[in-house]
Amino acid sequence: MDTPTIWPIIRCDNTRIVIDFLVTTFGFHEQLVVPTKDGEGVLHAQLRWSAGGGVMLGDRVRDNPAHMELPDGPISVYVVTDQPDELYRRAVEADAEIIRGLNDEDYGSRGFSATDPEGNVWSFGTYVGG
(Lines give C-alpha, C1' and ligand atoms only; values in the text may rest on other atoms or scores of the structure.)
Protein backbone atom coordinates (compact mmCIF):
# COMPACT_ATOMS: atom_id res chain seq x y z
CA MET A 1 0.00 0.00 0.00
CA ASP A 2 1.13 3.52 -0.69
CA THR A 3 1.40 6.20 1.98
CA PRO A 4 -1.80 8.26 1.92
CA THR A 5 -1.45 12.01 1.75
CA ILE A 6 -5.16 12.76 2.13
CA TRP A 7 -7.10 11.30 5.07
CA PRO A 8 -10.86 11.92 5.25
CA ILE A 9 -11.87 12.19 8.92
CA ILE A 10 -15.16 10.81 10.17
CA ARG A 11 -16.47 11.57 13.65
CA CYS A 12 -18.84 8.88 14.83
CA ASP A 13 -21.28 8.24 17.64
CA ASN A 14 -20.04 4.63 17.69
CA THR A 15 -16.78 4.31 15.79
CA ARG A 16 -16.42 0.59 16.52
CA ILE A 17 -19.66 -0.19 14.66
CA VAL A 18 -18.54 1.84 11.64
CA ILE A 19 -15.10 0.19 11.64
CA ASP A 20 -16.63 -3.29 11.78
CA PHE A 21 -19.02 -2.41 8.94
CA LEU A 22 -16.27 -1.01 6.70
CA VAL A 23 -13.97 -3.97 7.37
CA THR A 24 -16.51 -6.76 6.98
CA THR A 25 -18.64 -5.24 4.21
CA PHE A 26 -16.10 -3.48 2.01
CA GLY A 27 -12.73 -4.96 2.97
CA PHE A 28 -10.98 -2.02 4.62
CA HIS A 29 -8.07 -3.02 6.88
CA GLU A 30 -7.59 -1.85 10.45
CA GLN A 31 -4.22 -0.16 10.67
CA LEU A 32 -4.54 1.44 14.09
CA VAL A 33 -7.25 1.65 16.75
CA VAL A 34 -6.63 3.70 19.91
CA PRO A 35 -9.28 3.18 22.60
CA THR A 36 -10.57 5.98 24.80
CA LYS A 37 -9.14 6.18 28.33
CA ASP A 38 -12.14 4.31 29.74
CA GLY A 39 -11.82 1.62 27.04
CA GLU A 40 -15.46 2.10 26.03
CA GLY A 41 -14.90 3.94 22.75
CA VAL A 42 -12.43 4.78 20.02
CA LEU A 43 -10.27 7.87 20.40
CA HIS A 44 -8.57 7.47 17.00
CA ALA A 45 -8.57 4.84 14.26
CA GLN A 46 -6.98 4.48 10.87
CA LEU A 47 -8.33 2.18 8.19
CA ARG A 48 -6.47 1.47 4.97
CA TRP A 49 -7.79 0.62 1.53
CA SER A 50 -5.78 -2.12 -0.19
CA ALA A 51 -5.55 -0.16 -3.46
CA GLY A 52 -4.13 2.83 -1.57
CA GLY A 53 -5.41 5.53 0.72
CA GLY A 54 -7.06 5.54 4.07
CA VAL A 55 -9.62 7.07 6.38
CA MET A 56 -9.41 8.24 9.99
CA LEU A 57 -12.27 7.76 12.42
CA GLY A 58 -12.98 8.55 16.04
CA ASP A 59 -15.79 9.00 18.52
CA ARG A 60 -17.33 12.46 18.81
CA VAL A 61 -16.24 14.17 22.01
CA ARG A 62 -18.84 16.81 22.75
CA ASP A 63 -16.82 18.56 25.47
CA ASN A 64 -13.59 18.77 23.44
CA PRO A 65 -13.17 22.29 22.00
CA ALA A 66 -11.12 20.95 19.06
CA HIS A 67 -14.02 18.69 18.09
CA MET A 68 -16.51 21.52 18.36
CA GLU A 69 -14.57 23.56 15.78
CA LEU A 70 -15.08 20.95 13.07
CA PRO A 71 -18.41 19.98 11.50
CA ASP A 72 -20.08 16.67 12.20
CA GLY A 73 -21.06 14.32 9.41
CA PRO A 74 -22.39 12.62 7.60
CA ILE A 75 -19.75 12.89 4.91
CA SER A 76 -19.34 11.37 1.46
CA VAL A 77 -16.25 9.43 0.38
CA TYR A 78 -15.40 8.06 -3.08
CA VAL A 79 -13.26 4.90 -3.21
CA VAL A 80 -11.64 3.52 -6.37
CA THR A 81 -12.08 -0.22 -6.87
CA ASP A 82 -11.68 -2.69 -9.68
CA GLN A 83 -14.38 -4.88 -8.09
CA PRO A 84 -17.56 -2.79 -7.91
CA ASP A 85 -19.85 -5.75 -8.60
CA GLU A 86 -18.37 -7.78 -5.74
CA LEU A 87 -18.54 -4.85 -3.31
CA TYR A 88 -22.12 -4.16 -4.35
CA ARG A 89 -23.03 -7.82 -3.67
CA ARG A 90 -21.39 -7.60 -0.24
CA ALA A 91 -23.23 -4.35 0.55
CA VAL A 92 -26.57 -5.90 -0.34
CA GLU A 93 -25.80 -9.00 1.75
CA ALA A 94 -24.91 -6.74 4.71
CA ASP A 95 -28.27 -4.95 4.34
CA ALA A 96 -26.48 -1.66 3.70
CA GLU A 97 -28.76 1.12 2.50
CA ILE A 98 -28.04 1.38 -1.23
CA ILE A 99 -28.65 4.97 -2.30
CA ARG A 100 -27.40 4.63 -5.88
CA GLY A 101 -27.53 1.21 -7.46
CA LEU A 102 -24.77 -0.43 -9.43
CA ASN A 103 -24.55 1.22 -12.85
CA ASP A 104 -22.32 2.29 -15.69
CA GLU A 105 -21.73 6.03 -15.95
CA ASP A 106 -21.40 8.05 -19.17
CA TYR A 107 -17.81 8.91 -18.22
CA GLY A 108 -16.79 5.25 -18.12
CA SER A 109 -17.02 4.35 -14.43
CA ARG A 110 -18.98 1.46 -12.97
CA GLY A 111 -20.05 1.81 -9.38
CA PHE A 112 -22.64 2.38 -6.65
CA SER A 113 -23.21 4.27 -3.39
CA ALA A 114 -24.29 2.99 0.02
CA THR A 115 -24.42 4.34 3.56
CA ASP A 116 -22.69 3.04 6.65
CA PRO A 117 -24.58 2.61 9.96
CA GLU A 118 -24.16 6.33 10.77
CA GLY A 119 -25.33 7.65 7.40
CA ASN A 120 -21.96 8.41 5.82
CA VAL A 121 -22.07 7.85 2.06
CA TRP A 122 -19.52 5.49 0.51
CA SER A 123 -19.33 5.53 -3.28
CA PHE A 124 -17.29 2.83 -4.97
CA GLY A 125 -16.37 2.99 -8.62
CA THR A 126 -13.81 2.18 -11.26
CA TYR A 127 -13.12 5.82 -12.16
CA VAL A 128 -9.54 6.68 -11.11
CA GLY A 129 -9.56 10.31 -12.15
CA GLY A 130 -8.33 12.03 -15.26
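## Ground rules

Helices (H or I, at least four residues) and strands (E, at least two) are DSSP runs, numbered from the N terminus. Two strands pair if DSSP finds at least two bridges between them.

What you're looking at is a predicted model, where local features need pLDDT of at least 70 and side-chain atom pairs count only at pLDDT 80 or more, while totals for chains, interfaces and linings use all residues. Residues are numbered from 1 along each chain as its sequence is written, and side-chain values use heavy atoms, with hydrogens and water left out.

## The chain as a whole

Walk along the sequence and you get β-α-β-β-β-α-β-α-β-β-β.

Of the 130 residues in the chain, 37% are buried (buried is under 20% relative accessible area, exposed is over 50%, partly exposed is in between, with a 1.4 Å probe and protein chains only). The chain exposes about 7500 Å², and 52% of that comes from carbon and sulfur atoms; the areas come from the Shrake-Rupley method with a 1.4 Å probe, and for residues only the protein chains shown count as cover. As for contacts (heavy atoms within 4.5 Å), take those between residues at least 6 apart in sequence: 53% of them join residues at least 24 apart.

Strands of a sheet pair through backbone hydrogen bonds, either parallel or antiparallel. Here, four strands make an open sheet with mixed pairing, in the order S1-S4-S3-S2. Strand S1 (9-12) and strand S2 (29-35) sit at the edges, each pairing on one side only. From one strand to the next, the twist averages 15°; axes are lines fitted to C-alpha atoms, for helices over the stretch in contact, and angles run from 0 to 180 degrees between N-to-C directions.

S1 and strand S4 (residues 54-59) run parallel and are joined by four bridges, with Ile10 finding its bridge partner, Leu57, in S4. Strand S3 (residues 42-48) has five of its seven residues buried, so the rest of the structure largely encloses it.

## Two hairpins

S2 and S3 pair in the antiparallel sense over six bridges, and Val33 stands opposite Ala45 in S3. The hairpin they form has six residues between the strands, and Gly39 in the turn has a positive phi of about 75°.

S3 and S4 are antiparallel too, pairing over four bridges, and here Leu47 stands opposite Val55 in S4. Five residues lie between the strands of this hairpin, and Gly52 takes a positive phi near 120°.

## Helix packing

Two packed helices are described by the angle between their axes and the distance between the axes. For helix H1 (residues 15-26) and helix H3 (residues 84-93), that angle is about 130° and the axes are 9 Å apart. H1 and H3 are therefore oblique to each other (under 35 degrees is roughly parallel, over 145 roughly antiparallel, 65 to 115 roughly perpendicular, and the rest oblique).

H1 brings Val23, Thr24, Thr25 and Phe26 to the contact, and H3 brings Leu87, Arg90 and Ala91. By type, that's four nonpolar, two polar and one charged (Ala, Val, Leu, Ile, Met, Phe, Trp, Tyr, Cys and Pro count as nonpolar, Asp, Glu, Lys and Arg as charged, and the others, Gly among them, as polar).

Most residues other than glycine have a negative phi. Asp95 isn't a glycine, yet its phi is positive, at about 60°. Where is Asp95 found? Asp95 is in the loop between H3 and strand S6 (97-104), and at 70% relative accessibility Asp95 counts as exposed.
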